[in-house]
Amino acid sequence: MKKLLLILFAGCLLAACGSETNTGPRVVAHRGYWKTEGSAQNSIAALLKAGEIGAYGSEFDVNLTADDQLVINHDFSYKGLPIRETTLAELRNDTLRLANGEILPTLDEYLEASLQYPELKLIFELKSKGDPEYEATAIRKSIEAFKRYGVTKRIIFISFSLSACKEFARLMPRNRVEYLGGEIAPDELKKMGIDGIDYHYSVFLSRPEWVVEAHNLGMTVNVWTVDEEDGIKRLLLLGVDEVTTNVPELAMRIIESGDFGQINPY
Ligand code: MG
């Protein structure tokens, strides 16, 4: 117990004085801020609403179409159509709409809309089944788009694909890259050139020392997807830098209050 408390204390200390962590914990809107009027997951409205409430970042999922166009969608299929086997024009058919009425957004449209909130970080998740050719194309085209809109500095790249994380980190060493898988220790990732972890909350609850280890290595710690007040407080007590959540306004209120409760994080 004493050891765990020491880890917790060290974690808070490091969270307070780390490079990008000196502003305290931050909130990432998961798939944008979509649980609000007029919004929908991964819609342009969700991105803009995340900017409107002053979230630190807005997360979104990126897929590649049959004609190598980048679109924003969580699953590998959209309205029953496998994205990789369907063209952009087919996916943007007028009859196929998001829950809020938007047409499926392209990455270009997303980045252009993001210019309205230049402070908002863009948490770019590449959806991938690990095919190197697919990843090379998706990453190359994404980087071209970031440059086209002048948003490269705002991009934080995340993926469940380790190979995609490594490739992006190799090509864009100044951008933060966070691996999502949850099974790799921070020092192993660091050796691969990956400078952040973005793991499911259950990983940090069972391995709280990884938060401290990551900070000791100069890595950032993001956690997904925490929507309950107690859960958010619990992770904040562990010293995570970012909370990815479907309830960004609640998480921002908790952080602003500075009251993370007295919940024993263990
Ligand atoms: Mg995602």
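Visitor: What spacing do the donors of the magnesium ion follow along the chain?

Guide: The donors follow E-x1-D-x63-E. This is a predicted model, in which local features need pLDDT of at least 70 and side-chain atom pairs count only at pLDDT 80 or more, while totals for chains, interfaces and linings use all residues. Residues are numbered from 1 along each chain as its sequence is written, and side-chain values use heavy atoms, without hydrogens and water.

Visitor: What makes Glu59, Asp61 and Glu125 donors of the magnesium ion?

Guide: Donors are N, O and S atoms within 2.8 Å of the metal (3.2 Å for Na, K and Ca); water is not among the atoms, so sites may look incomplete. Glu59 (OE), Asp61 (OD) and Glu125 (OE) coordinate the magnesium ion at 2.0 to 2.1 Å. Glu59 and Asp61 are both buried.

Visitor: Why does Phe60 count as buried?

Guide: Buried means under 20% relative accessible area, exposed over 50%, and partly exposed in between (1.4 Å probe, protein chains only). Phe60 has 0% relative accessibility, so Phe60 is buried. Tyr110, at 1%, therefore also counts as buried.

Visitor: How many aromatic pairs are there?

Guide: The count is ten. Rings of Phe, Tyr and Trp (its six-membered ring) pair if their centres lie within 6.5 Å; planes under 30 degrees apart are stacked, over 60 edge-to-face, and the rest tilted.

Visitor: Why is the pair of Phe60 and Tyr110 called tilted?

Guide: The ring centres of Phe60 and Tyr110 are 4.8 Å apart and the planes stand at 50°, so the pair is tilted. Phe60 belongs to strand β2 (residues 57-64) and Tyr110 to helix α4 (residues 107-114), so the pair ties together parts 50 residues apart in sequence. Helices (H or I, at least four residues) and strands (E, at least two) are DSSP runs, numbered from the N terminus. One aromatic cluster includes Phe60, Tyr110 and Phe124.

Visitor: How do you know that Arg154 has no salt bridge?

Guide: A salt bridge needs a side-chain nitrogen of Lys or Arg within 4 Å of a carboxyl oxygen of Asp or Glu. Arg154 is buried, and Glu119, the nearest side chain of opposite charge, is 7.8 Å away; Lys and Arg count as positive, Asp and Glu as negative, and His and the chain ends are not counted.

Visitor: Which backbone oxygen does the side chain of Arg154 reach at 2.8 Å?

Guide: That of Tyr117; the backbone oxygen of Ser114 is reached at 3.1 Å. Arg154 is found in the loop between α5 (132-149) and β7 (155-159).

Note on methods:
Polar contact = N/O pair within 3.5 Å; in protein donor to acceptor, adjacent residues only side chain to side chain.
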